[in-house]
Amino acid sequence: MRPTTPLAAPAALAALVALSTLTACGGGPAAAQGGGGANGGKGTLTIRIPDPGNAGVLARGKKDGSLDKALAAVGAKVAWTGSAGPFAPAAQAMNADQLDIATGSITSGITSLSQSPGFAFFTATDPDPVGEGILVREGSDIASVRDLVGRKVAVNKGGTGEYLLLKALAKAGVPADKVERVYLRPDQTAAVFNAGQVDAWAVWSTYAVAEIGAGKAHFVADGAAIGSDNYSLNAVRSGFAKDHPEIVKALYAYLHDNSAKEKKDPAAYLNVFTDAGPTAVNGKAKEVQISFTGKGGTVDPIGPEDIRRFETVARFYADQKVTPNKVDIAGHLLDIEKLS
């Protein structure tokens, strides 16, 4: 766990499993009958969060009622809205006032920030050293990043996959144009990868666990080997953070405390609602996921070192022409410890 150093200066508000379209999105936050808390007796405020599925801190909090209890203390409750998935559609939903909270990577966050953002980031989780990287099939003759020259690699455009590939190539001294990027949605890539239609897949744990657990693939370079700065972040709709800072702070505290518990006991946060079916993780895949989570980070405040690394990613994306210009990051970060 890294030190939870607070943000150096106040930031301006300025202004997730399967690819699922966010559905059941209402208009503005709905007020219901309830106590005071952060709303000063005005009723219970609803905070809209994508449904967490069958694993993780929010899934367990949904099942055991602990998240409801934490938010009730500040006069709020959750409306589970749609499904967790890639950050880009979630960012669009926040911009359209259809969602209040979403999780994504700094890489997908940067591309979303380049498009009139109506959200800000309020937490940071260190880059995953072991659960993301360049995946190749067992038996592949690709033994290093340099062996990707002349090959096809599946990536999600502008997100984690494209970043991991470009970062790996840059570190290995391989020109980006020597490798063919095949842009695919992450949830559609496994079949293409296993059919041999691409030679490698730049991917993260959500999708890598099943392939590694089934004994079908391995990382030729993981996040640590690549030198990844791909943080996981939580974002909040800017208007919500401005109007309800106490609710955002309460959600942060819940995520921080429970992510530390998850890191210590990853198995307790898997198969939260069911241990069967497509959302369950069992067998070797479960062992892989437990190992990855135990070596991962926790949800922490955004500190000065984090910001420097965010800026490095933004410069890298601009240099690699993923974004037309360097995206402003600092203007869209919140110091959770000073939010009021």
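At roughly what angle do the axes of helix H5 and H12 cross, and within what distance do they come? In this predicted model, for which local features need pLDDT of at least 70 and side-chain atom pairs count only at pLDDT 80 or more, totals for chains, interfaces and linings use all residues. Residues are numbered from 1 along each chain as its sequence is written, and side-chain values use heavy atoms, with hydrogens and water left out.

The axes of helix H5 (residues 160-172) and H12 cross at roughly 85 degrees and come within 11 Å, where axes are lines fitted to C-alpha atoms, for helices over the stretch in contact, and angles run from 0 to 180 degrees between N-to-C directions. H5 and H12 are therefore roughly perpendicular to each other; angles under 35 degrees count as roughly parallel, over 145 as roughly antiparallel, 65 to 115 as roughly perpendicular and the rest as oblique. On the H5 side, Tyr163, Leu166, Lys167 and Ala170 meet Val313, Phe316 and Tyr317 in H12, contact being defined as heavy atoms within 4.5 Å. The residues of this contact comprise six nonpolar, no polar and one charged, where Ala, Val, Leu, Ile, Met, Phe, Trp, Tyr, Cys and Pro count as nonpolar, Asp, Glu, Lys and Arg as charged, and the others, Gly among them, as polar.

Helix H12 (residues 304-319) also packs with helix H4 (residues 106-113), at an angle of about 60 degrees and with the axes 10 Å apart, and H4 and H12 are therefore oblique to each other. Ile106, Thr107, Ile110 and Thr111 of H4 make this contact with Phe310, Val313, Ala314 and Tyr317 of H12, and its residues divide into six nonpolar, two polar and no charged.

The protein as a whole has 12 helices and 11 strands, assigned as DSSP runs (helices H or I, at least four residues; strands E, at least two) and numbered from the N terminus. Buried residues make up 51% of the 340 residues, with buried meaning under 20% relative accessible area, exposed over 50%, and partly exposed in between (1.4 Å probe, protein chains only).

Helix H7 (residues 205-213) has seven of its nine residues buried, so it is largely enclosed by the rest of the structure. The buried residues of H7 are Ser205, Tyr207, Ala208, Val209, Glu211, Ile212 and Gly213, and their cover includes strand E6 (133-137), helix H6 (189-194), strand E9 (200-203), strand E10 (217-222) and helix H11 (283-294). Glycine 215, which follows H7, has a positive phi near 75 degrees.

Most residues other than glycine have a negative phi. Aspartate 97, although not a glycine, has a positive phi of about 60 degrees; aspartate 97 lies in the loop between helix H3 (87-95) and strand E4 (101-105) and, at 28% relative accessibility, counts as partly exposed. Asparagine 271, likewise not a glycine, has a positive phi of about 50 degrees; asparagine 271 is placed in the loop between helix H10 (245-264) and H11 and is buried, with a relative accessible area of 12%.

Isoleucine 101 is found in strand E4 and, at 4% relative accessibility, counts as buried. When neighbours within four places in sequence are left aside, isoleucine 101 is in contact with Ile47, Arg48, Ile49, Pro50, Met94, Phe122, Ala235, Val236 and Leu251. Isoleucine 101 and alanine 120, 19 residues apart in sequence, are 9.8 Å apart in space, C-alpha to C-alpha.
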